[in-house]
Amino acid sequence: MPTPKSTPKPSPESGSARKPGRPARSRKPLVYGAGIVVAAALFGYVSYRATAPDAPHSGSSAVADVTADPEAGVYPELAELARRDAGDKLARGRADAPVVLIEYADFKCGYCAKFARDTEPALVKKYVDNGTLRIEWRNFPIFGAESEAAARASWAAGQQGRFWQFHRAAYAEGVKEKGFGKGRLKALAQQAGVADLDRFQADADGAAAAAAVSKDQEQGYGIGATSTPSFLINGRPIAGAQPTGAFTQAIEQAAERAKNTGSAAEDAKGSEPAEDTKGSAAPEDPAAPTNPKDTAK
């Protein structure tokens with residue numbers, strides 16, 4: 001896999017922010033098996049191409065490797081990384097949904113914010129609400145200490161059932177430019193409707209939050225993700241905030257494939273589905289920010 005001599009700036013064509021440098025503590029060997037090693041090499045290359053200085057301007061989903069062949073670019077071992085835990089506070093949608101989208105993202109990533117504002121709400125409305133799609137979040141902080149702090153804060157908000165409200169507040173337009181210092185994170189938690197702010201702060205500073213973030217981060221590095229946002233859709237890697245059509249095509253292909261095999265729901269992991277058939281998605285918070293059109297680069 002080619003490696004640039006210096007860290008390139010994100011390419012506006014691809015919509016993906018490359019990691020500035022992998023922390024030494026994250027330099028661990030792949031442990032998922034031969035199939036994942038092959039997939040990781042591909043994912044790393046796709047991520048690199050999404051951020052290479054000479055990335056071609058195609059205006060298509062070519063970087064996402066979503067083709068007309070529903071089997072192309074799909075790795076079953078990557079699909080098995082879906083947790084399908086009905087009690088997962090950082091997930092939304094049915095635990096037994098036929099399609100799982102895993103997102104590896106950083107709250108300081110502008111392209112992650114673009115996906116959160118411009119694309120994800122449409123996917124939730126079209127696929128999560130009807131039980132087709134489950135979205136599982138993985139904290140993948142790659143831009144330093146504030147990224148790590150925001151990741152831990154999001155996990156802490158999730159312990160009080162307000163992860164998605166915090167996610168929406170943190171990805172609102174202009175927020176990342178103000179930074180994610182401790183005071184700002186507390187203010188975002190308050191905006192997200194976190195009831196017990198003292199508990200929130202204790203949780204964010206605690207060992208459990210650090211361990212949860214580290215686990216997600218190591219999984220991202222382990223599968224070869226080198227940029228944010230990075231996604232897996234039933235084992236198909238997609239790098240960057242691709243056009244909405246790339247996601248809908250991948251989701252619909254995955255749903256059709258699951259329908260034909262009948263395996264996705266049968267293999268669903270975790271406990272029995274919760275009474276709320278939409279999984280752990282929290283109700284809309286009228287005080288939370290809306291999703292304005294992203295104008296930041």
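This is a predicted model: local features need pLDDT of at least 70, side-chain atom pairs count only at pLDDT 80 or more; totals for chains, interfaces and linings use all residues.
**View 1. Five strands build an open, mixed sheet.** Read across the sheet, the order is β2-β4-β3-β6-β7. At the edges stand β2 (91–92) and β7, and each has a single partner strand, so one side of each is left without a neighbour in the sheet. On this sheet packs α3, which touches β2, β3, β4 and β6. The direction of α3 makes about 155 degrees with that of β4.

**View 2. Here we look in on the pairing of β3 with β6.** These two strands run antiparallel and are joined by four bridges. Look for Tyr104, which stands opposite Ser230 in β6.

**View 3. Helix α9 and its cover come into focus.** With 18 residues, 244–261, α9 reaches 26 Å from its first C-alpha to its last, close to the 26 Å expected at 1.5 Å a residue. Its buried residues include Phe247, Ile251, Gln253 and Arg257, along with the alanines Ala246, Ala250, Ala254 and Ala258.

**View 4. Stepping back, here is the whole chain.** You can find nine helices and seven strands in it. Of its 297 residues, 53% count as buried. Among contacts with a separation of 6 or more, 82% link residues 24 or more positions apart. The chain exposes about 12900 Å², with carbon and sulfur atoms supplying 53% of that area.

Technical notes
Residues are numbered from 1 along each chain as its sequence is written. Side-chain values use heavy atoms; hydrogens and water are left out. The expected span of a helix is 1.5 Å times one less than its number of residues. Buried means under 20% relative accessible area, exposed over 50%, partly exposed in between (1.4 Å probe, protein chains only). Contact means heavy atoms within 4.5 Å. Accessible areas come from the Shrake-Rupley method with a 1.4 Å probe; for residues, only the protein chains shown count as cover. Two strands pair if DSSP finds at least two bridges between them. Axes are lines fitted to C-alpha atoms, for helices over the stretch in contact, and angles run from 0 to 180 degrees between N-to-C directions.
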